[in-house]
Amino acid sequence: MTILTQEQTKRICDRVMSLSKADECIVSIGGKRAGNIRFARNAVSTAGLTDDTSLTVRVAFGKRQGTASINEFDDKSLERVVRRAEELARLAPENPEFMPAVSKAEFRASNTFVQKTADIDPEIRAQAAAYSIEACRKKGLVAAGFLLDTTSFETIANSNGVFGHQALTSLDFTCTIRTEDGRGSGWVKRSARDLARFDPREAADVAIEKALRSVDAKALEPGRYTVVLEPAATSDLLAFMFNGFDARRADEGRSFLSKAGGKNRLGDKLFDEKVNIWTDPWNPDVPVLPWDNDMRARERAALIKDGRVAAMDYSRYWAQQKNARSIGSPGNFIMGGTDKTTAELIANTKKGVLVTRTWYIRMVDPQSVALTGLTRDGTFYIENGKIKHPIKNFRFNESPVTLLNNIEEIGKPVVIGGDEGPDPMVIPSMKVRDFNFTSLSDAV
């Protein structure tokens, strides 16, 4: 697929809007080329390249809306998709929460594209897989993993003069390594916008070390423990909490930020004062588009400042109802940390548990963000500042809200997430007290 240029997409958008007879017209164009390689049992199993480009038109007659999509861009196809959207709009009931298209705005570009990542070819993918496979063969281990690289673009436009175009690149790699007898398992995840910041050797070595160290795990009684959480173990827990920052959900009593009387917890201190979390489209580690799905311009904004809820996400409709300001929804989440390594957090722990990964997480109670899940692929007992031995995995019942209240130390933030996962995050390792392990798990 050829990544369309700004000039090409501008011509297409202008043509679509010139064809529309509706009161307003909104156009979005997106294209993605995704390359991948998958390996299992120390051999490549699949590899491929997919690409797709599509155009979506949304029109409105008064409060009646219609949407249609197409993946052809000749004049007849463009006219066909516009007419289809208009036909659907005329048939649709009025939307009581209809909001007109956003006004014209200027978008400050974010650095989401790296040519070196866009140039990834099958040889580079194969070499990345080979590092894990060859290292495991030498050590009598078994590797399985998946590498995905994407090059894409997004374009938005509307009949009020809004226009934005930007190219993006990303890379995501996961690898699970096990001993041949299945008694030891290690896992690693790496995400990057820039290929130069991805080292497959380093990633494989981390998973190999965890697999070798996790053999002969011993059972530890369930209970509340001081826990050192690696960033990958924390990010999935926090993702559930970030969903609760929607102002409408909070005002309607459907989130942990709800308050009696139809109010929310904006300004309340809910977390340890060491907790600072913000969003920033221009962050150099996890840049994202400077606009959101509603074409609103994003801004750098604090979500949690010194433990207090500093901002909430207002949709345009809900902002109008509550006389609040509406800006673009967050596209990334960055948590402040220190320069301490995970090893230093372990060294400062008299007794505790090192959790390297959490998985199979499910919501138990949205109003407290109570979650249940499992540890996996390397869980270890800490004693007197050192990893003493591997332990069997646990099921846990815990809330990230409680977790962020029980912080003892924060480590160095790293990039987590990416194109195929939750919104990109920069999350530190953490040492927290009273983490609630409820039962043992037989999973490795």
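Over residues 133-214, what share of the chain is helix and what share is strand? The chain there is 26% helix and 52% strand, with the end C-alpha atoms 19 Å apart; helices (H or I, at least four residues) and strands (E, at least two) are DSSP runs, numbered from the N terminus. The structure is a predicted model, in which local features need pLDDT of at least 70 and side-chain atom pairs count only at pLDDT 80 or more, while totals for chains, interfaces and linings use all residues. Residues are numbered from 1 along each chain as its sequence is written, and side-chain values use heavy atoms, with hydrogens and water left out.

UniProt lists residues 133-214 as "domain: Metalloprotease TldD/E central" in an unreviewed entry. For residues 35-89 the unreviewed entry gives "domain: Metalloprotease TldD/E N-terminal"; such annotations may be inferred rather than shown by experiment, and their positions follow the numbering used here, with feature names shortened. Over residues 35-89, the chain is 27% helix and 58% strand, and the end C-alpha atoms are 37 Å apart.

An open sheet is formed by six strands in the order β3-β2-β1-β4-β5-β6, with antiparallel pairing (two strands pair if DSSP finds at least two bridges between them). Because β3 (64-70) and β6 stand at the edges with a single partner strand each, one side of each is left without a neighbour in the sheet. Neighbouring strands are turned by 15° against each other on average, direction ignored. Between β2 (residues 43-61) and β3, which run antiparallel, there are seven bridges, and Arg 58 stands opposite Thr 67 in β3.

Two helices accompany this sheet. Helix α1 (residues 6-19) packs on the sheet and touches β1 (24-40), β2, β4 (141-158) and β5 (163-179), contact meaning heavy atoms within 4.5 Å. The direction of α1 makes about 135° with that of β1; axes are lines fitted to C-alpha atoms, for helices over the stretch in contact, and angles run from 0 to 180 degrees between N-to-C directions. Helix α4 (residues 122-139) lies across β1, β2, β4 and β5, at about 160° to β4.
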